[in-house]
Amino acid sequence: MKGAFLNTVLVLAISAWAAFAVDFPVPTGEGASLRETKVKCASNIHQCWFVSYIKPSESICGSDMVTYNGECHLCFRILYEKQSITKLHDGPCANS
């Protein structure tokens, strides 16, 4: 019983934490500038929490035709994995 209570508290704590993970606007469309996207990502990446990389979020389509789990996921790829991608549009990519 004690274990179930602790698990419930843990789930509630993680859920509350995930609610504060927010996405932020980045340049969108085929003409979106990678440089401008990097600037927006660098100035807003601190808003991204670990949970925002894995929690269900509004999907976005990257210029590499990969569907990302929101702006935080896209910005992580741009800033830390040195990918040259931008956001094409909200929603999944057509090939996903």
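Guide: We will take the disulfides, then helix, core and sheet. Keep in mind that this is a predicted model.

Visitor: How many disulfides does a search of the whole structure find?

Guide: The general idea comes first. A disulfide is a covalent bond between the sulfur atoms of two cysteines. Here the search finds three. With the bonded cysteines numbered in sequence order, the pairing is 1-5, 2-4, 3-6.

Visitor: Where are Cys48 and Cys72, the next pair?

Guide: A disulfide joins Cys48 to Cys72, S to S 2.1 Å. Cys48 is in the loop between helix 2 and helix 3 (50-54), while Cys72 is in helix 4, 24 residues apart. The torsion about their S-S bond is about -90°, so this disulfide is left-handed. Both cysteines are buried.

Visitor: Is the disulfide of Cys61 and Cys93 left-handed or right-handed?

Guide: Read the torsion about the S-S bond. It is about 105°, so the disulfide is right-handed. The sulfur atoms of Cys61 and Cys93 are 2.1 Å apart. Cys61 lies in strand 1, and Cys93 in the segment after strand 3, 32 residues apart. Cys93 is buried, at 3% relative accessibility. Cys93 contacts Val66 and Thr67, among others.

Visitor: Now helix 4. Why is it described as largely enclosed?

Guide: Count its buried residues, those under 20% relative accessible area. Seven of the ten residues of helix 4 (residues 71-80) are buried, so the rest of the structure largely encloses it. Among them are His73, Leu74 and Ile78.

Visitor: Which residues have the most contacts inside the largest nonpolar core?

Guide: They are Phe24, Val26, Cys41, Leu74 and Cys75, in a core of 13 residues. Helix 4 gives the largest share, five residues. Cys75 touches Phe24, Val26 and Cys41, as well as others including Ile45.

Visitor: And the sheet: what is the order of its strands?

Guide: The order is 2-1-3, in an open sheet of three strands with antiparallel pairing. Strand 2 (67-68) and strand 3 (87-90) are at the edges with a single partner strand each, so one side of each has no neighbour in the sheet. Two bridges join strand 1 (residues 60-62) to strand 2. Cys61 has Thr67 as its bridge partner in strand 2.

Conventions. Residues are numbered from 1 along each chain as its sequence is written. This is a predicted model: local features need pLDDT of at least 70, side-chain atom pairs count only at pLDDT 80 or more; totals for chains, interfaces and linings use all residues. Side-chain values use heavy atoms; hydrogens and water are left out. Buried means under 20% relative accessible area, exposed over 50%, partly exposed in between (1.4 Å probe, protein chains only). Helices (H or I, at least four residues) and strands (E, at least two) are DSSP runs, numbered from the N terminus. A nonpolar core is a set of buried Ala, Val, Leu, Ile, Met, Phe, Trp, Tyr and Cys residues joined through side-chain atoms within 4.5 Å. Contact means heavy atoms within 4.5 Å. Two strands pair if DSSP finds at least two bridges between them. A disulfide is a pair of cysteine sulfur atoms within 2.5 Å. Lists of a residue's contacts leave out its neighbours within four places in sequence.
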